[in-house]
Amino acid sequence: MAEFLSYIKKFITYKEPKDIDDFELLESEHEGTDQDGLDEEFQKEQDKKSNQDKDKDDKNQKKKKPLKVDEWNKTKNKSGDKSPQSSENMVDPQLKINLERIQKAFISDKNSDIIIRQFKIAQKIDAFIVFIDGMVDRETINNYILRQLMKPELLENYKGDRLVEFIENNVLSVHDTKKETKYDMIIGQICNGLTVLFIDGCSECLMFETRGYEKRGVEKPATEAVIGGPQEGFNENLRTNITLIRRIVKNHHLVTEILPLGKTNHSFCAVMYVDGISNPKVIKEVKRRINSHDTDYIQSGGVLEHLIEDSPLMLFPQVMRTERPDRASSFLMEGKVVIVTDGAPFIIAVPATFFSMLQTTEESNLKWQQGTLLKLIRLLGLFAALLLPGLYIALLLYHQEVVPSDLLSSIAMSRESVPFPILVEVILMEVSFELIREAGIRVAGITGTTLGMIGGLILGQAAVTAGIVSPILIIVVAVTGLGNFAIPNYSLALSIRISRFLFIVLGALAGFYGISVGIFVLGGLVCSMKSFGVPFLSPIAPKTKGNSGLALVMPAFSQKERPDYLNTLDRKKTGENPRGWIKRDKGGEKN
Amino acid sequence: MDKKRQGRRKELIKEGKFGPQEAISLITITIVSRGVFFTSPSSLARVVGTATWYMTLISAATAALGFTFVYLLLKRFPGKNIVEIFEITLGRFLGFIFSGLLLALFLLSPATMLREFTEVTKVYIFPLSPPSYIMGFFIIGVILLGILGLETQARFSRLVAPILLVAFVAGLILASQNYDLYKLTPILGYGIKRTIHHGLTRSSVYGYAVILAVIASSLQGTKHIKKIGYISIVASGILVSAAAFAFTLTFPYFTAEEVTSPLYQMMALIDYGIFFQRFDALFFFIWDISTLIAVSLELYIAASIYCKMFRIQNIKPVIIPFSIIMFTIAMIPKDFGTLISGYVNLIPEYGWTVFYILPIIALIAAKLRCKKGEGEHA
């Protein structure tokens, strides 16, 4: 609320604009040419920029007043505490000190989840392992770590130097190990289910991949069902989700970068892209936005979405969410960047456009004519969901001349017993419908579906019988609801639901005139939106090359290029003749 | 202005960049909505009778010629907008006055259009609503799009342009049931001399292509401006002529000059049985959205000229005051009659003096004073 008020204040008052460079994905000078070396050039540009920033900072620092000795000491001590290179943050050769630090970090006297197991390596050297109970696979720890480390003959071939390396290379049969010296990394990894071994006299520790917590299996997607396509969806596990994508995109240039999320939560997200296809500027911008957030805890992909989207005050979503690995894979191959967050069964794909939110994988699995029909129906659904109740009000209040007289008289007769003005009647029905829908979602399983159907039927019937609403309004609200369900993107569908109320009010205030002003305002707002530098209404406004965009679904063999608005490094998706079995002569004629 | 002073100039407002398709949509919608939707067709019928449909083509050809001078001026100063060019060629004082005249025209133009729209809406749809109620809705949209900027306006017009075009053409085709060829006669209207005279003087309707000179830095070079300008004038010429042809076929010329908005009336006459009749209310959508685009653009251009004249870098705070000024000007005419006789015909008849004569003077001054731009990316 406070943010909203400050936005209003900013809107009314005037402030000299700051010189902020908004991220825009503009066409480079290399447009359509060989794109090799673009990365290097971009890097140089960024370096130059950061050097300029540095110079600016230096200048600012020069202007600062000199600090007093006490202040300087305080600042130094403060920064010393946080520094990743300070001795406090590094593994100490004395095991006792490390033990105390771990106990302190995890409050082990109260925290019953944290297991610190002290033992002697080969009955000689003091050591301990630390892990969180329930997050690890006990069998791995018991059989492949502890058992191996406690063997008396373990150190027979040990020559007395670099014990950690000796153990890593010769003793432990765990598939993934890593040496680490910094506490902030160690603590983060313990929280993620890794086991860490500290050894007396060693200034580094060894981390093992022992994650073995409970997780949901790969199931059917709950919100993006298709008839003729793969039937698996993401779950809440980061690694599983990455694997599901990798299983489809078997490309050695597919890169997965793991980035930390949350200051105190130690969770991670994965940024995935196909090197050589995705635009490096977009990749860099995605990483910059994720790395620069300052939040303790990011609950899910939705919260991350709030933090990284271009205009959080806008109603419409600016990132694409999907729970289908095949969809995520097609985004990657198109040149988009995919963000997989730990704990969310959805992935985020950027940049997103309005028209990509109206697409499903169904179209690509069907013949193009059938796909086009589905897309047109969806557009019709969008139109109905957004405008139908508003148009109904406008027609009955201001433009009765458009309605044929027979229909008008039947509407008038059905409204005869209704005591409310038409605006109240429509809002009443819309709110009831929203309630039924929300209740149906919150109640789990079959009960929810039944509640939705029974609620709709009984409430509608009862409302008509009681003379509270007219039967024709029930039809209008039902068609509106169906239209809303036809929108494949849940977040977009919600935005449309909210916008519908605006059009209802505008229709009541000024009929078609009000609605057209509403279309103008909403259209303008949507046109001004960008997703990671890409205009939200691409490829229609602005018009870019390739991709039919709005209504048509082209056959796979004619989709030769990746979307122009993504400015991908590799523009071509196919060769000149994707259907190679049809031989073509030089003029392009079939043989 | 010498090179040193040019170098010291502050960076002007950021208006964004957009492509030819967006620019063509913007200009064409602006011209067509002014030339077709309101009282303009009946005014034309009043002066040239049945010759409106080809008189408007003469106007378009004249405007294309006038635009050539604007283009030549822009070509001489690549990367500069017309306000800067006026200053470079005529000096700070005279350039300021020229830009001021352009500003006055672009402030008066949306104000008259807004009032005209309000009055026509009152006649056909909201007879009981006060003008300020109708204007209030309109101005909210205009302010918002003005604040969102030129790039957004261009994108929005590109988005709706195909829909508007299809609806417009469909409207003309559906209205064909009322066309009678004999209504085209007398084919020369009130005489060829009168037609040519009015064709030349009323070319200012197409003069809005000069907007391209104000937003030159947002377009992709002078070559594109040339293409955009000519295509916009030709496309709007065809559309306005088609509409004029259609209403000449629908109404006898003596009736056409009495109708407030002939095109709206044409849509109201469509009748294909009980379920397909009275398309006027549906036509209102394209009418309204086109007018909103045109008024938003013209107001933005006025604000943009003002900012460029006074070296103001942020256009957003100027939009709301300019909207209030526009509203105030729009409220000045006492009634619809005063509006049509005193204001609406002012710009189509005399606008060319500002649209073309000022750039021609600047071009001559540039030639005489040997002023030139610094190259394509100057």
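In what order do the strands of the open sheet of five strands in chain A lie, and is the pairing parallel or antiparallel?

Modeller: This is a predicted model, so every value below is computed from it. The open sheet in chain A has five strands in the order 6-7-9-10-8, and the pairing is antiparallel. At the edges stand strand 6 (254-261) and strand 8 (320-322) of chain A; each has a single partner strand, so one side of each is left without a neighbour in the sheet. From one strand to the next, the twist averages 25 degrees.

Within this sheet, strand 9 (residues 337-341) and strand 10 (residues 347-350) of chain A are joined by four bridges in the antiparallel sense. One pair of facing residues is A:V338 and A:A349, the latter in strand 10 of chain A. In general, strands of a sheet pair through backbone hydrogen bonds.

A helix accompanies the sheet. Helix 11 (residues 325-334) of chain A lies across strand 6, strand 7 (267-274), strand 8, strand 9 and strand 10 of chain A. Relative to strand 7 of chain A, helix 11 of chain A runs at about 55 degrees.

Another group of strands in chain A can be described around strand 5 (residues 205-208). Strand 5 of chain A pairs with strand 3 (residues 177-180) of chain A in the antiparallel sense, over four bridges. Strand 4 (residues 195-199) of chain A also runs antiparallel to strand 5 of chain A, and three bridges join the two. A:L206 in strand 5 of chain A has A:K179 opposite, and A:L197 also stands opposite A:L206. In a regular strand the side chains alternate between the two faces of the sheet. In strand 5 of chain A, A:C205 and A:M207 point one way, A:L206 and A:F208 point the other way, and all are buried. The hairpin of strand 4 and strand 5 of chain A has five residues between the strands, and there A:G201 takes a positive phi near 90 degrees.

A:P419 lies between helix 14 (405-414) and helix 15 (422-442) of chain A. With 8 other C-beta atoms within 10 Å, A:P419 counts as exposed, because the limit for that class is 12 or fewer. A:P419 and A:I468 are 49 residues apart in sequence, while their C-alpha atoms are 6.7 Å apart in space.

Chain A also meets chain B: 26 residues of chain A are in contact with 30 residues of chain B. On the chain A side, helix 18 (residues 490-528) gives the largest share, 13 residues. By class, that side has 17 nonpolar, six polar and three charged residues.

The C-alpha atoms of chain B fill a box of roughly 70 × 45 × 35 Å along the principal axes. Of the 378 residues of chain B, 56% count as buried.

Definitions and conventions: Residues are numbered from 1 along each chain as its sequence is written. Chains are lettered from A and ligands numbered from 1 in the order in which they are written. This is a predicted model: local features need pLDDT of at least 70, side-chain atom pairs count only at pLDDT 80 or more; totals for chains, interfaces and linings use all residues. Two residues are in contact if their C-beta atoms, placed from the backbone, lie within 7 Å. Ala, Val, Leu, Ile, Met, Phe, Trp, Tyr, Cys and Pro count as nonpolar, Asp, Glu, Lys and Arg as charged, and the others, Gly among them, as polar. Two strands pair if DSSP finds at least two bridges between them. Axes are lines fitted to C-alpha atoms, for helices over the stretch in contact, and angles run from 0 to 180 degrees between N-to-C directions. A residue is buried if 20 or more other C-beta atoms lie within 10 Å of its own, exposed if 12 or fewer, and partly exposed in between; C-beta atoms are placed from the backbone.
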